[in-house]
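This briefing concerns a protein structure and is arranged by topic. Please read it beside the sequence and the model shown below.

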Amino acid sequence: MEVESPEHTRDFAEVDINNGAATGSEDEEEEVPAPGSVTLDRNESDLFVSALSPSSIGDIHPLQEVLTDDGDFFISIVVSDPQKIGDGMGSYLAYKVTTKTNIPKFKRSEFSTLRRFSDFLGIHDLLVGKYMRLGRIIPPAPSKNIIGSTKVKISPQQSEPGTPMTQEWVEIRRAALERFVHRTAQHPVLRVDLDFMNFLESDQELPRSVNTSALSGAGVIRLFNKVGETVNKITYKMDENDPWFDDKITEVESLDANLQKLHNAMKSLVTSRRELSLLTGLVAKSAAMLSTCEEHTGLSRALSNLADVEEKIELLRSEQANSDFFILAEFIKDYLGLFGAIKCIFHERVKAFQNWQYAQMQLSKRRENRGRFELANRADKLDQAQQEVDEWQGKVQRCQQQFDDISAEIKREMERFELTRVKDFKVNIIKYIEDQMAHQQQIVSYWEAFAPFAREIV
């Protein structure tokens, strides 16, 4: 799995090399809550402002070397060998993450480390916290599977430590984790994020994330926050003045709805194909049993060969079902998650607009207060009123700059996403068609080999 540098990476050259960390600005502004919105806390607000400060933008040059799209840089990441560590309910699955790259930001060209599932969720949360408010698309991490995890925890320990797990859902999760890190490594900024690089390179155990447990207090708080975000998305409608965003939002909603229909159809196809495989196996067994009690020699031989053909086709049907699932159904599921991430950055833009409008509203109130003090000749209040006006003028300018910056960044992200999406769909659909054609050709060859036995029946 090789991830080459996407085209147009020059657009991502203007990146905060501090990975969104504050640059030491002394201008700690107050939180600017928008009416009816879920707002950022003080640290998050300062984080966003610091990422836009001239000091951080002026230090971008070291990353330009890595982000140059000259085709010379690559990164290949493989997630393999899922193994159970520990025993009982305290056990967990660990995956071997192997990376090969020639990007100079990494210390070595080839390295591997063990990572548990919560580590993947943890790096996803870190990247979301740093970059989503800037308008960057963060590939979604796989969701937790409590039932599957519990089955692994209560299952007997393997006879040999480190023996790979063989359950189907473990393989599904392994493939999903590999696709997640693959998509993250495709992004020219995320792949050189210090936390992501440490996730790939470090041999040490990462700090346990408190946000990965589905039943933790942090998970409950996160659930309430999501409910608040959902309510805000429904109740607040932004007066859009850029037709590009209107068109793009409509396009994303349409693609998302149609992909959801296609995914549901693919899941039904997988189920039907697996049922067909089981029924084909029953036909094979019935033909074999019939051949043993058939007195006619030619017919008995034909039935025996028919059983062999149906048994082989049973395996092919099962392989086809796996092809439907892993090549296309899971691929479509990934893109449904990516469209969800796109909707999140569009909502971040709405929140930036809300903060801007709120700041403008507060500035108008402060100006009205100043006007009343001037009419009343309240000189003792004028200085403070003017100071508040100046303060909110600065906040309005910063909020407007944040809104303009996230709007521009979303356009660049969508341009990169469209290029990647078209390439991904082409590769996966061609792979799926070739796989289906190979299976059909194999089935034809089986029936052609059986035809002479049928003709010998006299």
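Phe325 has a relative accessibility of 16% and therefore counts as buried, where buried means under 20% relative accessible area, exposed over 50% and partly exposed in between (1.4 Å probe, protein chains only). Phe326, at 27% relative accessibility, counts as partly exposed. The model is predicted: local features need pLDDT of at least 70, side-chain atom pairs count only at pLDDT 80 or more, and totals for chains, interfaces and linings use all residues. Residues are numbered from 1 along each chain as its sequence is written, and side-chain values use heavy atoms, with hydrogens and water left out.

**Aromatic pairs and cluster**

- A pair of aromatic rings is described by the distance of the centres and the angle of the planes.
- Rings of Phe, Tyr and Trp (its six-membered ring) pair if their centres lie within 6.5 Å; planes under 30 degrees apart count as stacked, over 60 as edge-to-face and the rest as tilted.
- A search of the whole structure finds 17 aromatic pairs.
- One of these is formed by Phe325 and Phe326, which are edge-to-face, with 5.0 Å from centre to centre and 90 degrees between the planes.
- Trp356 and Phe403 form a tilted pair, with centres 5.5 Å apart and 35 degrees between the planes.
- This pair links distant parts of the chain, since Trp356 belongs to helix H10 and Phe403 to helix H11, 47 residues apart.
- Both partners are covered: Trp356 is buried at 12% relative accessibility, and Phe403 is buried with a relative accessible area of 5%.
- One aromatic cluster is made up of Phe331, Tyr335, Phe339, Phe417 and Phe425.

**Charges over rings**

- A charge sits over a ring if NZ of Lys or CZ of Arg is within 6 Å of the ring centre and within 35 degrees of the ring normal.
- Arg116 places its charged end over the ring of Tyr92, 3.8 Å from the ring centre.
- Lys395 has its charged end over the ring of Trp392, 4.3 Å from the centre.

**Helices and a surface patch**

- Helices (H or I, at least four residues) and strands (E, at least two) are DSSP runs, numbered from the N terminus.
- Helix H6 (residues 168–186) has 19 residues and should span 27 Å at 1.5 Å a residue, which agrees with the 27 Å between its end C-alpha atoms; the expected span is 1.5 Å times one less than the number of residues.
- H6 is mostly covered, with 16 of its 19 residues buried.
- Thr271 lies in helix H9 (residues 243–293) and counts as partly exposed at 42% relative accessibility.
- The C-alpha atoms of Thr271 and Asp324 are separated by 9.8 Å, although the two residues are 53 residues apart along the chain.
- Ile433 is located in helix H11 and is partly exposed, at 43% relative accessibility.

**Positive phi values**

- Which residue of strand E2 (residues 74–85) is considered here? Asp81 lies in that strand, and its phi is near 50 degrees, a positive value in a residue other than glycine.
- Asp81 counts as partly exposed, at 34% relative accessibility.
- Asn377 also has a positive phi, near 55 degrees, and is a residue other than glycine.
- Asn377 is placed in the loop between helix H10 (297–375) and helix H11 (379–455), and is exposed, with a relative accessible area of 66%.
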